[in-house]
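Hello,

Here is the structure I promised to pass on. Please have it open while you read; my notes follow below.

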Amino acid sequence: MRILLIEDEGPIAEVIALGLEQAGYTVETADDGRRGLEMAQEGIYALIVLDLMLPGMDGWTICKTLREERNATPILMLTARDAVQDRVRGLEMGADDYLPKPFDFSELIARVQALLRRDRMHKARTIRIADLEIDTRLRRVTRAGVEITLTPREYALLEALAGHEGQVLTRDLILEQVWQDEESLSNTVDVYVGLLRRKLHSGHADKLIHTVHGVGYTLRAPRPEDTP
């Protein structure tokens with residue numbers, strides 16, 4: 001599992017990253033708020049560990065921006081501030097948990113594991129986007145009540161796009177995170193997106209999968225500007 005750590009204090013970031021890696025996680029770090037937001041928007045992470053006081057952009061703004069973009073990645077906020085109003089503000093912005101500094105590292109690991117368990121339970125559900133429904137337990141897909149039969153790879157691609165509704169996934173990211181396939185070429189993604197589009201869009205005026213030219217693909221509910 002990949003975890004994004006956004007923390008500007010180098011020694012603290014190194015200790016946290018090392019501890020998380022020893023616990024079996026892959027960690028990517030950012031020491032600036034704006035860079036951290038970009039990484040969160042562009043990548044697929046199981047969890048974001050987010051410091052509150054950051055250069056460039058504070059943790060509250062990062063959290064609020066991600067939630068407004070419907071990025072549901074669990075967020076654990078870290079901060080030296082322990083005032084009740086700070087904790088409340090962080091939770092109101094969309095943080096899932098809050099851990100004040102200094103903290104015992106074993107507590108950090110426990111909270112990370114708890115958030116990941118909670119997220120897995122939350123994702124074991126039906127994803128609904130417009131008239132598209134994905135039962136992630138049964139791996140069953142319907143649109144407007146009509147079942148759509150997908151291959152395992154088509155389903156994996158669909159769940160990744162739908163699970164990050166509105167986010168743009170690059171071809172390289174899909175290859176790395178969805179299929180974990182180092183041998184496939186980026187045009188393989190284009191082929192499977194084409195196959196998936198035909199199955200999802202056939203007989204429907206509203207298109208759900210959109211190409212962001214030069215970047216990748218996104219799946220989202222129809223918008224007024226999509227209408228010719």
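His164 counts as buried, because its relative accessibility is 12% and the cut-off for buried is under 20%. Bear in mind that this is a predicted model. His164 sits in the loop that runs between helix 6 (152–163) and strand 10 (169–170). A polar atom of its side chain lies 3.0 Å from the backbone oxygen of Ala160. Setting aside neighbours within four places in sequence, His164 is in contact with Ile44 and Leu169.

Ala160 is itself one of the buried residues of helix 6. Helix 6 has twelve residues. From first C-alpha to last it reaches 16 Å, close to the 16 Å expected at 1.5 Å a residue.

Now the protein as a whole. It has eight helices and twelve strands. Its radius of gyration is 19 Å, close to the 17 Å that the globule rule gives for 228 residues, so the protein is as compact as a globular protein of that length. The C-alpha trace spans about 55 × 40 × 35 Å along the principal axes. Of the 228 residues, 44% are buried. Take the contacts with a separation of 6 or more: 56% of them are between residues 24 or more positions apart. The accessible surface comes to about 11800 Å², and carbon and sulfur atoms account for 50% of that.

Next, helix 1 (residues 10–22). Its 13 residues should span 18 Å at 1.5 Å a residue, and its end C-alpha atoms are 18 Å apart, which agrees. Which residues of helix 1 are buried? They are Ala13, Ile16, Ala17, Gly19 and Leu20. These residues cover an arc of only 165° around the axis, so they lie on the same side of helix 1. An α-helix has 3.6 residues a turn, so residues three or four places apart point the same way. Pro11, Glu14, Val15 and Gln22 are exposed on the other side of helix 1. Just after helix 1 comes Gly24, with a positive phi of about 105°.

Helix 2 (residues 33–42) has its own buried set: Gly33, Gly36, Leu37, Met39 and Ala40. They also keep to the same side of helix 2, because their arc around the axis is only 165°. What covers them? The cover includes strand 1 (2–6), strand 2 (26–30), strand 3 (47–51) and helix 3 (59–68). Look at the start of helix 2 as well. There, a side-chain oxygen of Asp32 reaches to within 2.9 Å of the backbone nitrogen of Arg34.

Last, some backbone details in the loops.

- Lys101 and Pro102 are joined by a cis peptide bond, with omega about -10°. Pro102 lies in the loop between strand 5 (97–100) and helix 5 (105–123).
- Ala130 is not a glycine, yet it has a positive phi of about 55°. Its place is the loop between strand 6 (126–129) and strand 7 (132–135).
- Arg139 is not a glycine either, and its positive phi is about 55°. It belongs to the loop between strand 7 and strand 8 (140–143). Arg139 is partly exposed, with a relative accessible area of 48%.

Best wishes

Notes. Residues are numbered from 1 along each chain as its sequence is written. This is a predicted model: local features need pLDDT of at least 70, side-chain atom pairs count only at pLDDT 80 or more; totals for chains, interfaces and linings use all residues. Side-chain values use heavy atoms; hydrogens and water are left out. Buried means under 20% relative accessible area, exposed over 50%, partly exposed in between (1.4 Å probe, protein chains only). Helices (H or I, at least four residues) and strands (E, at least two) are DSSP runs, numbered from the N terminus. The arc is that of the directions from the helix axis to the C-beta atoms. Contact means heavy atoms within 4.5 Å. A polar contact is a pair of N or O atoms within 3.5 Å; within protein, one must be able to donate a hydrogen and the other to accept it, and residues adjacent in sequence count only if both atoms are side-chain atoms. The radius of gyration is taken over C-alpha atoms; the globule rule is 2.2 Å times the number of residues to the power 0.38. Accessible areas come from the Shrake-Rupley method with a 1.4 Å probe; for residues, only the protein chains shown count as cover. The expected span of a helix is 1.5 Å times one less than its number of residues.
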